[in-house]
Amino acid sequence: MQAAFITGHGGNEVVSVGQRPKPVRQAGHVLVRLHAATLNRVDIYMRDSGAGITHQLPQIMGLDGAGTVEEADANDPVLRPGQAVVLHPAIGCGRCEFCLRGEVVLCVAVQYLGEHRDGTLAQWVSVPAPNVFPMPAGLSFTEAAALGVNHLTAWRMLFTKAQLKPWETVLIFGIGGGVSLAALQLARLAGARAIVTSRDPAKLERARLLGADHLIDSSTQDVAKAVLAATNGRGVDVVIENVGAAVWSAAMKSLVRGGRLVTCGATTGDQPPADLRRIFIRQLQILGSTLGNFDEFRDLLNLVARTGLRPIIDSEFSLDQTHAALDRLESGAQFGKVAIRLD
Ligand SMILES: [Zn+2]
């Protein structure tokens with residue numbers, strides 16, 4: 001089958017598009033004919049180094065994906081051949097204390113598609129049946145694929161970790177990125193007020209059209225001061241953050257007393273000053289989050305089916321254009337998801 005896979009670590013020269021063996025389905029798994037996937041920052045990380053992530057080369061790239069069931073167990077209670085489905089990318093061991101609690105994202109032996117095992121930039125993938133969910137009607141395969149990482153991550157950050165309420169205000173850094181845009185869409189659906197930042201005025205304007213209530217141009221404005229000005233000096237209840245060191249200080253200073261900061265990334269550095277005095281005196285909560293569990297994904301898909309929420313797609317490429325797609329993601333110029341069509 002055709003696939004995009006890494007053969008080493010470096011730049012695009014280690015990313016090949018060519019033939020890989022079609023996966024053989026085992027009992028309890030589902031063979032999915034993929035129609036679309038989207039790129040995530042971790043795809044670039046796997047290409048560049050993959051340090052700290054156990055994997056074998058060559059390895060097929062891609063975490064999220066949507067397609068149709070080609071083959072499933074005959075007695076599967078939900079899935080039938082030809083059914084449109086979307087994938088959850090975390091495969092747990094099923095036996096550790098975290099898996100038993102339903103926390104696949106905390107599994108001690110978790111394997112992510114495209115990180116620890118072959119991923120979704122391929123014509124087919126075979127995954128355990130619990131990772132395969134019926135696709136909400138009304139979405140394209142590309143839009144559905146985009147839900148599997150970014151929207152799931154934003155869902156867990158906003159609703160499970162931060163417990164965002166409709167009357168609260170959330171600050172979202174770096175609007176334009178996949179998680180940030182997903183957080184904006186979900187926060188608005190939940191009725192919360194959203195303040196967004198970007199260094200790009202055009203991205204801010206597009207965020208306004210998506211319902212952002214207040215825009216901060218971080219290339220010309222002091223974010224913390226702008227947040228306080230926009231909230232009558234109070235600060236925001238929740239900060240959604242995946243930028244890391246470059247915005248940490250501004251994020252902490254933007255929080256109301258007792259506020260919650262949720263972080264899921266650190267692209268600009270992972271060792272900012274902790275500002276402990278501010279944390280304990282103002283009783284701030286710092287919450288870490290990664291992806292989301294099966295039940296959270298099911299809730300997200302139900303919300304999508306009911307509300308018609310559609311992820312923002314920046315651009316679509318063919319599998320042969322994977323290098324160009326990776327360049328687009330790396331440029332930081334995108335607004336929404338960079339997608340790969342697989343049909
Ligand atoms: Zn486990």
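Me: What makes up domain 1 and domain 2 in the domain assignment of the chain?
Reply: In this predicted model, the assignment gives domain 1 as 2–139 + 310–341 and domain 2 as 152–288. The C-alpha centres of domain 1 and domain 2 are 28 Å apart.

Me: How many residues of domain 1 are in contact with domain 2?
Reply: Contact requires C-beta atoms within 7 Å; 8 residues of domain 1 are in contact with 7 residues of domain 2. On the side of domain 1 that touches domain 2, there are 3 nonpolar, 3 polar and 2 charged residues.

Me: Why is serine 180 called buried?
Reply: The cut-off for a buried residue is 20 or more other C-beta atoms within 10 Å. Serine 180 has 24 within 10 Å, and is therefore buried.

Me: Where is serine 180 placed, and which residues is it in contact with beyond its neighbours within four places in sequence?
Reply: Serine 180 belongs to helix α4, residues 178–189. With those neighbours left aside, its contacts are Ile172, Phe173, Gly174 and Ile175. Glutamate 241 is 61 residues away along the chain, and its C-alpha atom is separated from that of serine 180 by 8.0 Å.

Me: Why do strands β5 and β6 count as a pair?
Reply: Pairing needs at least two bridges. Strands β5 (residues 66–71) and β6 (residues 84–87) are joined by 3 bridges, so they pair, and they run antiparallel. Glycine 67 stands opposite valine 85 in β6.

Me: What joins β6 to strand β10?
Reply: There are 3 bridges between β6 and strand β10 (residues 132–134), and the two run antiparallel. Leucine 87 stands opposite valine 132 in β10.

Key:
Residues are numbered from 1 along each chain as its sequence is written. This is a predicted model: local features need pLDDT of at least 70, side-chain atom pairs count only at pLDDT 80 or more; totals for chains, interfaces and linings use all residues. A residue is buried if 20 or more other C-beta atoms lie within 10 Å of its own, exposed if 12 or fewer, and partly exposed in between; C-beta atoms are placed from the backbone. Two residues are in contact if their C-beta atoms, placed from the backbone, lie within 7 Å. Domain bounds come from an automatic or database domain assignment. Ala, Val, Leu, Ile, Met, Phe, Trp, Tyr, Cys and Pro count as nonpolar, Asp, Glu, Lys and Arg as charged, and the others, Gly among them, as polar.
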